[in-house]
Amino acid sequence: MKNLKIDKVLLDTKTDYKAKVTYDLVATKSLDEFKASMRKVAEQPAQENNAATQTKDDLGSALNSLKNNLSAEVMVVAYGAKYGDFKAGQVVDTISEEVSLKKVNDQWVKD
């Protein structure tokens, strides 16, 4: 994220803050790097459950692997469709949204 701009303050008290903001969404990786990292995530073996007896040949493990691969591919296709063939450091979108913050223990946290 870069170029954060507060467009309009909607509420400003000692404990609450609400504003309309605009910022640029910046890719930290290129689409190709994102594809590669998602494939690595999908290839990671599932964490074992309490039974701790699953093997890679196990049906549950195979289904989990298929689910991970499909999820990774869907994310890559969705990002590519939405943002195109982006490069690392490229502004891929400009976001305008309303942000609400609340003061908790002397720190501002997103509400």
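A salt bridge here is a side-chain nitrogen of Lys or Arg within 4 Å of a carboxyl oxygen of Asp or Glu. By this rule, the predicted model holds six salt bridges.

**Stop one: lysine 102 and aspartate 16.** Select both side chains. They form a salt bridge, and the closest N and O atoms are 2.7 Å apart. Now colour the strands. Lysine 102 sits in strand 3 (residues 91–104) and aspartate 16 in strand 2 (residues 16–26), so this pair ties together parts that are 86 residues apart in sequence.

**Stop two: lysine 18 and glutamate 98.** Keep the strands coloured and select this pair. The side chains meet in a salt bridge, 3.6 Å from N to O. Lysine 18 belongs to strand 2 and glutamate 98 to strand 3, so the contact links parts that are 80 residues apart in sequence. Check the surface again. Lysine 18 is partly exposed at 30% relative accessible area. Glutamate 98 also counts as partly exposed, with 44% relative accessibility.

**Stop three: lysine 87 and aspartate 85.** Select these two side chains next. Where does the N-to-O distance of this salt bridge stand against the 4 Å cut-off? It is 3.5 Å, so the pair falls within the limit. Lysine 87 is partly exposed, with a relative accessible area of 42%.

How values were computed: Residues are numbered from 1 along each chain as its sequence is written. This is a predicted model: local features need pLDDT of at least 70, side-chain atom pairs count only at pLDDT 80 or more; totals for chains, interfaces and linings use all residues. Side-chain values use heavy atoms; hydrogens and water are left out. Helices (H or I, at least four residues) and strands (E, at least two) are DSSP runs, numbered from the N terminus. Buried means under 20% relative accessible area, exposed over 50%, partly exposed in between (1.4 Å probe, protein chains only).
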